[in-house]
Amino acid sequence: MAGIGIVVAILVTLVAVLIPWLPTSASEEMDRIEFVYWFATVIAIGIFSLVVAVIVYSVMTFRAPPEDESDGPSIHGHTGLEVVWTLIPAVLVVAIGVLSAVVLSQNGNAGTNPLAVNVYAQQFAWRFEYPQQDKLKTGELVLPLGRSVEFDMTSVDVIHSFWIPEMGQKQDLVPGIQTKIVVTPKRTGTFTLICTELCGLGHATMRAPVRVLSQADFDAWVTEQQSGGGGDSGAALFTAAGCGSCHTFGPAGSTGAIGPSLDDLAAAAEKAGQPVDVYARESIVDPGKVVAGGYSDGVMPKSYGESYSAEEIDALVQYLSGAEQ
Ligand code: CUA
């Protein structure tokens, strides 16, 4: 029986170790989450091997011969056995529970000097604001290495969910309330923030680039952004607002096909009998007013007029109507 158990344990251990089930960790929180995974996996391998060994051994040893149709002996209760198979699982489950609670608490602790980042989710884009960096606004998430980042998050419309696979942490963004999550990047690199809550037609396109830089590079990036490098240009906003996820637009190199192509904007404006800039503004602020043929009302969020400033909308309208070249 011990031999069967050892063989099964080795096979299952190989499956656990050789297949890359999890992405390579990029945060301290992910390291702790991985530790919980492995802790539970080792326990599961032990229990699984024990159960399989007993079953296989019993099937082979106590198999009734074909002509034997008698019932087996009737066995009632075994206090010792019952105490053992109650106590051991209870201890193991409590151990997993305690470890998980400790990790959950550590992963929620941002320490004394976190970098604050506000996150706004909206169908189908992410926006970030750095309150300690003069309220710097970006559509790309840039983080310094080795410093805990506390994300203060909310949604403008429906429920979205924040997840960077290599960073482990995951948290919903819910309209009307602020949710928090802490991430402490432990290696530099390029990652992707993914929305993991089905939030509409463009859900699968709701992604944002994430870059982890050394503290010095991060400081340089902040300075560059503040000096107007990113700025409120229409092109930058087009990217930050996620317009390209849904719309094809030549100047931006986007190929989205969920909404009408913006390369046809002039023709659509003419059809509606409006100047291009007036038509573009109306389509951003009140997308239900004129719905292009073949597309449905209600797919494009109606909240852009509220979530972007008048200056931002102006810049976007200029960009779309070709005035900003
Ligand atoms: Cu936002 Cu899915």
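This is a predicted model: local features need pLDDT of at least 70, side-chain atom pairs count only at pLDDT 80 or more; totals for chains, interfaces and linings use all residues.
Is Phe 238 buried or exposed, and with what relative accessible area? Phe 238 is buried, with a relative accessible area of 2%; buried here means under 20%, exposed over 50% and partly exposed in between, with a 1.4 Å probe and protein chains only.

Residues are numbered from 1 along each chain as its sequence is written, and side-chain values use heavy atoms, with hydrogens and water left out.

Let me turn to the aromatic pairs. The structure holds 9 of them. Rings of Phe, Tyr and Trp (its six-membered ring) pair if their centres lie within 6.5 Å; planes under 30 degrees apart count as stacked, over 60 as edge-to-face and the rest as tilted. One of these pairs joins Tyr 130 and Trp 221, edge-to-face, at 5.6 Å centre to centre and 65 degrees between the planes. Because Tyr 130 lies in strand S2 (residues 125-130) and Trp 221 in helix H4 (residues 215-226), this pair ties together parts that are 91 residues apart in sequence. Helices (H or I, at least four residues) and strands (E, at least two) are DSSP runs, numbered from the N terminus. Tyr 130 is buried at 0% relative accessible area, and Trp 221 is buried at 6%.

Phe 238 pairs with Tyr 319: the ring centres are 5.7 Å apart and the planes stand at 65 degrees, so this pair is edge-to-face. Since Phe 238 belongs to helix H5 (residues 234-240) and Tyr 319 to helix H10 (residues 310-320), parts 81 residues apart in sequence are tied together. Tyr 319 is buried, with a relative accessible area of 6%.

Staying with H10, its buried residues include Ile 313, Leu 316 and Tyr 319. The buried residues of H10 pack against several elements, among them H5, strand S3 (136-138) and helix H8 (276-285). Just after H10, Gly 322 takes a positive phi of about 85 degrees.

Finally, Gln 169. This residue lies in the loop between strand S6 (160-163) and strand S7 (170-173), and is buried at 11% relative accessible area. Its side chain reaches the backbone oxygen of Val 182 at 2.9 Å. Residues that Gln 169 touches include Glu 29, Asn 107, Phe 162 and Trp 163, where contact means heavy atoms within 4.5 Å. Phe 162 is also linked by ring pairs with Trp 126 and Phe 151 into a cluster.

Methods. A polar contact is a pair of N or O atoms within 3.5 Å; within protein, one must be able to donate a hydrogen and the other to accept it, and residues adjacent in sequence count only if both atoms are side-chain atoms. Lists of a residue's contacts leave out its neighbours within four places in sequence.
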